[in-house]
Structure formats: C-alpha cells, structure tokens
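Good morning, colleagues. Please take a moment to look at the sequence and the structure on the screen, and then I shall go through the contacts and the sheet in turn.

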Amino acid sequence: MAITAADVKKLREMTGAGMMDCKKALTETDGDFDAAVDFLRKKGLATAEKKAGRIAAEGIVATVVSDDDKTATIIEVNSETDFVAKNEKFQTYVNGLATQINGGDYADMAAFLASTSAIDGSATVEDYHKSMIATIGENLTIRRFEKVTGDVVVSYIHMGGKIGVLVNAECNQPSDDIKEAMKNIAMQIAAMNPSYVKRDEISADELAKEKDIIIDSSLADPASLPKPILNAVITEALENNKWEDADKAAYEEQKNNKFLFNFLSDAAVQALRDIAASHKAEYLENKIFAGLVEGRFSKHLKEICLVDQTYVKAENKESVAQYVAQVAKDNGVNFGIKSFVRFETGEGLEKKNEDFAAEVAAQMNA
C-alpha cells in the first residue's frame, strides 16, 4: 500500500512521533493506523496513548436527559469553524437533534437520518440537516450519538461543549445527593478520560496486548532499565562496536553522570534499544525487570479504569471506588457506576489550518 504524506501527517498528529518514525510505522503495518499506533508505542516513540488522536475539528457536544433522569442522549455535531460552534442557532439545532434521539428509538445513524425531523416535521433529518448547512454557510456533520438508559443517568458538559459526559449508575433510591456524586464523577471522567469503568471490563486479549506494549516500550527506554541490565546492554554495545567513537568517548567521560543519555547520539541510544529488544525473553525472567513491568502495567490500568483512579476532589487520595462506596454508605443505598460515555469534540479529526484572521475573513465572505 502506498503511504502518502497525508497519512504520515495524520499519524504524527495522533501520536506526536516524528515524521520518519510515522512513515516507518505505516510502512511496517501496511497503512493500518491502529497497528501503526501500537508499533510506535512499542518502540517508545508515541507521546500519546489514546488512539483517538488530537482534537482537531470544531463543533459541540450536547446532552439531553429525560425528566425522570433514566434516559439520556449525547451527540457530537461538527462544524468547520469555532464561530459556528458558538452560534446560538447552531447550538439550538444540536440540542434539538439530541432531544429527538432521546425521545425516539433509532438503531443507528442511518435510521436516525432517514427519520422525520422533529424540528421541521415535513422533511427527513438528513434533508433538514442539508438545509441547515445552506443556512449557516459551512459544512456540518452529525458525527455520532449514544443513548443511555438506567436507574439514574446524569450529564456534564465541559468547556462550553468541547467535552460531554453521561454517567449511568445502579441505584435503588437515586436522591439529589446521589446525582451530585454522579456529577462529580462525570467531571472526573471529563478531566481524566478513563477507558473503562473497572478492570474486569478489559478482555484477556486486550490485557495481553497492553502488557506486551508496556514490555516493549520499557525495553525501548534504556535509561529506565534496571542498572544491571543497562550495564549489560551497554557492554554488549561496546564489545560489538555498535557505537561510534564519539559515543564511546562520551560514555567513558560521563558514565557516572545520571544525565549520561544527554551526551549520547540518537544512533547510540537506538543501538541500546535494539540490543535490549533482542533479549526480551531473557529479561522477562529477571525479577527486577519483571517488577518494573508489573509496576508500569498496574499504573497504566489505574489510569484507564475509572474506579481505580484517584478521585480528583479527594483530600486523602481515595480512589473513585472508595468515594462511591462512601456515598452509598452515607445515603444508605445500593449505588455503583454502571457505565459512562465521553465525547470530546473532534477526536481523531483533522482541523483545517486557518489562522484567526483568515477565519474572520472566511466568515465575512460567506
């Protein structure tokens, strides 16, 4: 598969890795972006772990919750410019779409677009959407929506619609205190962006994949290797002439300096990565390295699982799970987080490279 400059640019924006690294990753994975992200993570070259990538497109996320707090909808609609995203007419339109979804039953986006518009009443949602594009004067996209039903559902909108969250909880008596706690948890989700509620939601295959990525990324970070392993890797590099004379000299001069790696060339560091990777099976038998991997793996799971995260408003560093348990105890109810949905405007989409003056000019010309 031919790898284009646009492909490389997209992967670079998703991961923060260098252009040549992105090109190599796409070449090695035959243009598969998900596989390319994993490739870069294993090499320790990706600075962002979320496959969604950088926020790029404009638009808003909106939420609607039913009067009984049991059903809620979250929707993302994209626009070309931030001007439109802040436009009251556009925002009213997006809220109207969310309201229609929340009161209806649509299997997917295609079914929703083909249905009769609740805003117009005489046209389909898709046809009315086209009329909105003509009225506003720039392209609009109904990108995604999700409807949630449960014992109690709350919503939270952050940064004027840049991030939206729905939290669905199991609760036998959902009081105002419970809803307030759920709102706090929604804020946590908006800020900390977990991927799962709890660890048992993660499949065995996904856990194995994440563990392997952490192993490979640890081997790709020689500066953090346990001292005995690092010394063995450096010795092998020296004995097999994997370093240029300048790097050998820098090592002899700085080998007791904790900032040694600041004095080595990129090629010398890459040679250490390659050597460490070649001993993967052997190092996994090393208790110190295995402990390092387990520590990083546990930390990673804590970051991606909501209930394991430190509750951001806690003074004593309690976890979200502990906070939920305390709220349940204080209110004398059964209470637990069942699921959540988090939309961030423009996740994975590429924004047009326009400066502010050009954006103003484009609006005036329109």
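I begin with a pair of helices. On the α5 side, Lys89, Phe90, Tyr93, Leu97 and Gln100 are in contact with a set of residues in α7, namely Val125, Tyr128, His129, Met132, Thr135 and Ile136. By class, the residues of this contact comprise 7 nonpolar, 3 polar and 1 charged. Please bear in mind that this is a predicted model.

How do the axes of α5 and α7 cross? The angle is roughly 170 degrees, and the axes of helix α5, residues 88-103, and helix α7, residues 125-136, come within 12 Å. Angles over 145 degrees count as roughly antiparallel, and α5 and α7 are therefore roughly antiparallel to each other.

Let me turn to the sheet. It is open, has 3 strands in the order β1-β2-β3, and is paired in the antiparallel sense. Which strands stand at the edges? They are β1, residues 58-65, and β3, residues 140-149; each has a single partner strand, so one side of each lacks a neighbour in the sheet. On average, and with direction ignored, neighbouring strands here are turned by 15 degrees against each other.

As for the pairing in detail, β1 and β2, the latter covering residues 71-79, are joined in the antiparallel sense over 8 bridges. Val64 has Thr73 in β2 as its bridge partner.

Finally, helix and sheet come together in α5: this helix lies across β1, β2 and β3, and runs at about 140 degrees to β2.

Conventions
Residues numbered from 1 in each chain as written. Predicted model: local features only at pLDDT ≥ 70, side-chain atom pairs only at ≥ 80, totals over all residues. Heavy atoms only, no water. Pairing = 2+ DSSP bridges. Helix = DSSP H or I, 4+ residues; strand = E, 2+ residues; numbered from the N terminus. Axes fitted to C-alpha atoms, helices over the stretch in contact; angles between N-to-C directions. Contact = heavy atoms within 4.5 Å. Parallel < 35°, antiparallel > 145°, perpendicular 65-115°, else oblique. Nonpolar A, V, L, I, M, F, W, Y, C, P; charged D, E, K, R; others polar.
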